[in-house]
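Please consult the sequence and the structure shown below while reading.

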Amino acid sequence: MPAYPSYRPPAGENGKFGTGEEQRRHWCPLFERYKVDFVLEHHDHTFKRTHPLTNGLKDKHGVLYLGDGSWGKLRVPKEPEDRPYLAAVSSSYHMTVHRLEGDQRFHVALEESGKVADVCMTSSKRPSRRG
């Protein structure tokens with residue numbers, strides 16, 4: 001389950017957990033503490049890229065969450081206006097390519113047709129091992 005879903009409800013009701021609620025409680029603080037650069041998520045059958053997040057809020061030094069896996073049954077994602085943690089969404093089939101080069105991370109989402117759906121870059125948050 002994605003910590004920051006683009007389709008399923010993040011908030012629980014009637015005593016049940018929302019989608020990713022337990023991940024946000026247990027895993028996300030560890031990602032933040034250990035300066036994880038980005039997290040690949042799936043399960044909602046959409047494309048999504050969050051803003052960099054710390055404790056669920058936009059933070060330029062936060063963790064980027066990518067994916068939501070769009071093969072299978074496509075779903076219409078919620079709009080960023082409805083979920084402020086979302087930066088980009090799409091309901092098209094896609095695959096992602098990630099290139100780690102030195103301290104830079106390049107993330108490209110390609111639609112089924114080959115059209116570029118999204119491009120972003122992140123930098124390593126950990127101290128360089130050089131020198």
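## Strand pairing

Two strands are treated as paired if DSSP finds at least two bridges between them. Helices (H or I, at least four residues) and strands (E, at least two) are DSSP runs numbered from the N terminus. The model is predicted: local features need pLDDT of at least 70 and side-chain atom pairs count only at pLDDT 80 or more, while totals for chains, interfaces and linings use all residues. Residues are numbered from 1 along each chain as its sequence is written, and side-chain values use heavy atoms, with hydrogens and water left out.

Strands β7 (residues 94-101) and β8 (residues 104-111) run antiparallel and are joined by eight bridges. Within this pair, H98 stands opposite H107 in β8, and R99 has F106 as its bridge partner. The two strands form a hairpin with two residues between them, and G102 in the turn has a positive phi of about 60°.

Strand β8 also pairs with β9 (residues 116-123), in the antiparallel sense and over seven bridges. Here Q104 is placed opposite S123 of β9. This second hairpin has four residues between its strands, with G114 in the turn at a positive phi of about 100°. As a general rule, side chains in a regular strand alternate between the two faces of the sheet.

## Nonpolar core and surface patch

A nonpolar core is a set of buried Ala, Val, Leu, Ile, Met, Phe, Trp, Tyr and Cys residues joined through side-chain atoms within 4.5 Å. Buried means under 20% relative accessible area, exposed over 50%, and partly exposed in between (1.4 Å probe, protein chains only). The largest such core has 10 residues, namely A3, Y4, C28, F31, V39, L53, V63, Y65, Y85 and L86. Contact denotes heavy atoms within 4.5 Å. Apart from neighbours within four places in sequence, V39 is in contact with F31, V63, L64, Y65 and L66.

On the surface, W27, L30 and Y34 form a nonpolar patch with about 340 Å² of accessible area together. Patches consist of residues with over 30% relative accessible area and no salt bridge, where nonpolar side chains (Val, Leu, Ile, Met, Phe, Trp, Tyr) are joined within 5 Å and like charges within 9 Å. A salt bridge is a side-chain nitrogen of Lys or Arg within 4 Å of a carboxyl oxygen of Asp or Glu. Accessible areas come from the Shrake-Rupley method with a 1.4 Å probe, and for residues only the protein chains shown count as cover. W27 lies in the loop between α1 (21-26) and α2 (28-33).

## Individual residues

F47 is found in strand β2 (residues 47-50) and counts as buried because its relative accessibility is 4%. Beyond neighbours within four places in sequence, F47 has contacts that include G67, S70, A88, V89, H94, A109 and D118. F47 and E101 are 54 residues apart in sequence and 24 Å apart in space, C-alpha to C-alpha.

E79 is located in the loop between β5 (64-67) and β6 (86-90), and is partly exposed at 39% relative accessibility. Leaving aside neighbours within four places in sequence, E79 is in contact with L86 and V89.

## Positive phi outside glycine

N14, in the segment before α1, has a positive phi of about 55° although it is not a glycine. This residue is exposed, with a relative accessible area of 77%. H43, in the loop between β1 (38-41) and β2, likewise is not a glycine and has a positive phi of about 110°. H43 is partly exposed, at a relative accessible area of 34%.
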